[in-house]
Amino acid sequence: MTFPQRLIDGYNAFADGRLQKEQDRYRKLSEQGQAPQIMVIGCCDSRVSPEVVFDAGPGELFVVRNVANLIPPYSPDGAYHGVSAALEFGVAALKVKHIVVLGHAQCGSVRAFAEDAEPLSPGDFIGKWMTLMAPAAEKVGPRGAFAPADYLSRLEQANIVNSLDNLVTFPQLRKRIERGQVVLHGAFFGVASGDLSVLDRASGKFEPIKRAN
Ligand SMILES: [Zn+2]
């Protein structure tokens, strides 16, 4: 069998452990369907799994992950839009009450953008995708004005704000935000420390969440 042994072992651990505890919940969800109230838009990075960071069980989070937790602006142009399709489903069908854009420290994609990395392929899907980060870079200002690590974390956080700005370009979502039916949030996960900060829209700063223990 070529299916990775790591996944077989992991599945067995899940079936013996968590599934036992959550079997009823899975059954209920299969009958009633999912009704998560929170949508999370995060990065593909393997260190920043929203279900792990937020300790979420089945049916609790509607998650979309892509390179650098980006959201393209609303553009009904007939092209394929994976993020916009997920957003439409989350907003119009699931009627989520919260949308969280979850960025993180040491984001390789943000670094690649900042360092003008060479395209990974002639098609350069990432290069095109990462142009969505340009408005965030513009807001941060010239790279030379900051120490390298400081610049990257500023860009990582500005990128979250940029994604939030792009969310409100979707008319249906904007309407729901204006009616108070959906609230947008920005969050930043520090990979090394495990710290979580949340964007305070009034100050524009990411404030650390105080841990209960
Ligand atoms: Zn990332």
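Author: Let's begin with Asp 165 and Lys 139, whose side chains meet in a salt bridge, 3.3 Å from N to O. Asp 165 belongs to helix 8 (residues 148-167) and Lys 139 to helix 7 (residues 134-140), so this pair ties together parts that are 26 residues apart in sequence. Do keep in mind that you are looking at a predicted model.

How open are the two partners to their surroundings? Lys 139 is exposed, with a relative accessible area of 61%, because anything over 50% counts as exposed. Asp 165 has a relative accessible area of 28% and is partly exposed.

Asp 165 has another partner too: Arg 201 forms a salt bridge with Asp 165, and here the closest N and O atoms are 4.0 Å apart. This pair links distant parts of the chain, since Arg 201 sits in the loop between strand 5 (196-200) and strand 6 (205-208) while Asp 165 is in helix 8, 36 residues apart. Arg 201 is partly exposed, at 47% relative accessible area. Elsewhere, salt bridges that share partners join Arg 111, Glu 115 and Arg 143 into one network.

Glu 22 and Arg 18 form a salt bridge with their closest N and O atoms 3.0 Å apart. Is Glu 22 buried or exposed? Glu 22 is buried, because its relative accessible area is 16% and the cut-off for buried is under 20%. Arg 18, by contrast, counts as partly exposed at 40% relative accessibility. In total, the structure holds 9 salt bridges. As a general point, side chains of opposite charge can pair when their charged atoms come close.

That brings us to the metal site you asked about. The zinc ion is coordinated by the SG atom of Cys 43, the NE2 atom of His 104 and the SG atom of Cys 107, at 2.0 to 2.3 Å. Along the sequence, these donor residues follow the spacing C-x60-H-x2-C. Cys 43 is buried, with a relative accessible area of 4%, and Cys 107 is buried as well, at 4% relative accessibility. His 104 is likewise buried. As for cysteine pairs, the structure holds 0 disulfides.

Conventions. Residues numbered from 1 in each chain as written. Predicted model: local features only at pLDDT ≥ 70, side-chain atom pairs only at ≥ 80, totals over all residues. Heavy atoms only, no water. Disulfide = S-S within 2.5 Å. Buried < 20%, exposed > 50% of the residue type's maximum accessible area, 1.4 Å probe, protein only. Donors = N, O, S within 2.8 Å, 3.2 Å for Na, K, Ca; no water. Helix = DSSP H or I, 4+ residues; strand = E, 2+ residues; numbered from the N terminus.
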